[in-house]
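I opened my notebook for a quick look around this structure. Come and read along with me.

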Amino acid sequence: MDNPLSNASTESARTNHVASTATGSRFVRACLRRPVDRTPIWLLRQAGRYMPEYMAVRKHHSLLDICRTPEIAAEVTITAAERLGVDAAIIFADLLLPFTPMGLDFEFLAGEGPVVHSPIRTAEQIHALRTDRIDELSYVARSIEKVASHFSAPRADGDQLGIIGFCGAPFTLASYMIEGGSSRNYIETKKLMYSDTVAWPLLMEKLVTVLVGFAQQQVEAGADVIQIFDSWAGALSVTDYCQYCLAPTTELVRRVQALGVPVIYFGVDTASLLPTMRETGADVIGLDWRIPLDAGWKAIGEGCGVQGNLDPIALFAPDDVLKARVREILTAAAGRPGHIFNLGHGIVPGTPVENVIKVVEWVKEYGAQ
Ligand code: CP3
């Protein structure tokens with residue numbers, strides 16, 4: 001199944017990029033399963049509504065304004081990474097930004113989350129989606145350039161902070177396009193997926209085209225790693241994931257790796273999907289908290305890193321419980337190369353910032369090799 005030639009060229013492109021830019025980053029080294037001095041840590045939604053500094057910016061700007069203004073997006077990204085003392089900064093942006101150049105209008109409504117005004121329900125709408133305006137997303141690349149320039153010098157401990165670009169996976173993005181927003185049962189998405197054997201693959205193909213272009217802009221601007229969010233893949237059976245999503249997701253992973261960066265592939269509620277997610281060829285797979293880290297890593301198998309997997313709600317627990325959960329994850333990882341400490345999903349509003357900082361400090365202390 002694998003094409004050895006394309007794998008070899010991917011491997012050498014990746015090595016070249018990493019050799020030239022980021023061998024000094026313990027986060028990037030861990031993504032490549034190389035030895036590190038201590039377990040690297042960053043946190044999903046590390047810049048978000050739990051943080052007073054973010055809320056102060058949000059008071060004056062909408063979420064989309066922040067995303068589309070490189071000075072502000074970079075400032076929010078940098079402030080969160082520095083306040084927490086983490087080893088990587090994820091660029092402040094959103095999964096749904098590529099919808100606009102594809103011709104699909106959406107907005108974020110307070111309390112409701114994202115709303116797509118004319119959700120996709122027909123083959124004609126899929127045919128009409130544009131893939132030729134990816135340049136309109138270049139504001140994300142401009143934000144990354146600013147963050148990369150801010151973090152260009154090594155930190156006090158000699159480590160280079162990692163810069164993470166990101167995009168959605170085809171299934172998760174299609175679910176927002178088709179449902180028109182967040183969903184519980186994905187009925188419209190699955191109806192289209194099961195019933196239109198021409199339009200569904202076309203939608204997947206168009207998404208992959210746009211996402212590869214978007215990822216390329218981010219890598220050229222200085223992203224060291226790309227994380228692909230397949231947040232809702234856990235809604236799929238293994239059979240449906242294999243039949244409808246594995247091929248386009250694999251295509252996306254391979255083409256992003258060919259840009260010269262490692263790929264982290266993340267989903268929630270994916271315990272039963274892990275061996276299949278591994279088939280995408282991602283360098284690292286994100287684990288949620290429902291599976292013990294060692295069991296998840298075993299299911300994924302050798303030759304792939306893992307990221308995770310503290311329950312974000314454990315950040316509300318008293319110190320002794322929280323500390324025990326952090327230690328449990330580090331013990332399960334057992335210092336094997338390729339573990340990146342993270343949460344199993346994003347930090348929620350109301351999380352005490354001081355607990356987030358404590359977790360970062362404990363991982364630095366207990367995760368030393
Ligand atoms: O530090 C960071 O991680 C922030 C950057 C970031 C945002 N969105 C900003 C944001 C990232 C990595 C995302 C990814 C994203 N966006 C995902 C995948 C991650 C996941 O949680 O699985 C998804 C599914 C989206 C789509 C999206 N954006 C939803 C469903 C919502 C509403 C959810 C809510 O909590 O209200 C958003 C809004 C959003 N994107 C917020 C932030 C900080 C919160 C809203 C705000 O500031 O007004």
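**Ground rules.** I am working with a predicted model, where local features need pLDDT of at least 70, side-chain atom pairs count only at pLDDT 80 or more, and totals for chains, interfaces and linings use all residues. Residues are numbered from 1 along each chain as its sequence is written, and side-chain values use heavy atoms, with hydrogens and water left out.

**Helix pair.** I looked up helix 11 (residues 199-220) and helix 12 (residues 238-257), which pack at an angle of about 20° with their axes 10 Å apart. That angle makes helix 11 roughly parallel to helix 12 (angles under 35 degrees count as roughly parallel). Axes here are lines fitted to C-alpha atoms over the stretch in contact, and angles run from 0 to 180 degrees between N-to-C directions. Helices are DSSP runs of H or I with at least four residues, and strands are runs of E with at least two.

I then found strand 2 (residues 106-109) and strand 3 (residues 113-116) running antiparallel, joined by four bridges (strands pair if DSSP finds at least two bridges between them). Leu109 stands opposite Gly113 in strand 3. The two strands form a hairpin with three residues between them, and Gly111 in the turn has a positive phi of about 80°.

**One residue.** Is Ile264 buried or exposed? Ile264, in strand 6 (residues 263-267), is buried, with a relative accessible area of 0% (buried means under 20%, exposed over 50%, partly exposed in between, with a 1.4 Å probe and protein chains only).

Methods: Parallel < 35°, antiparallel > 145°, perpendicular 65-115°, else oblique.
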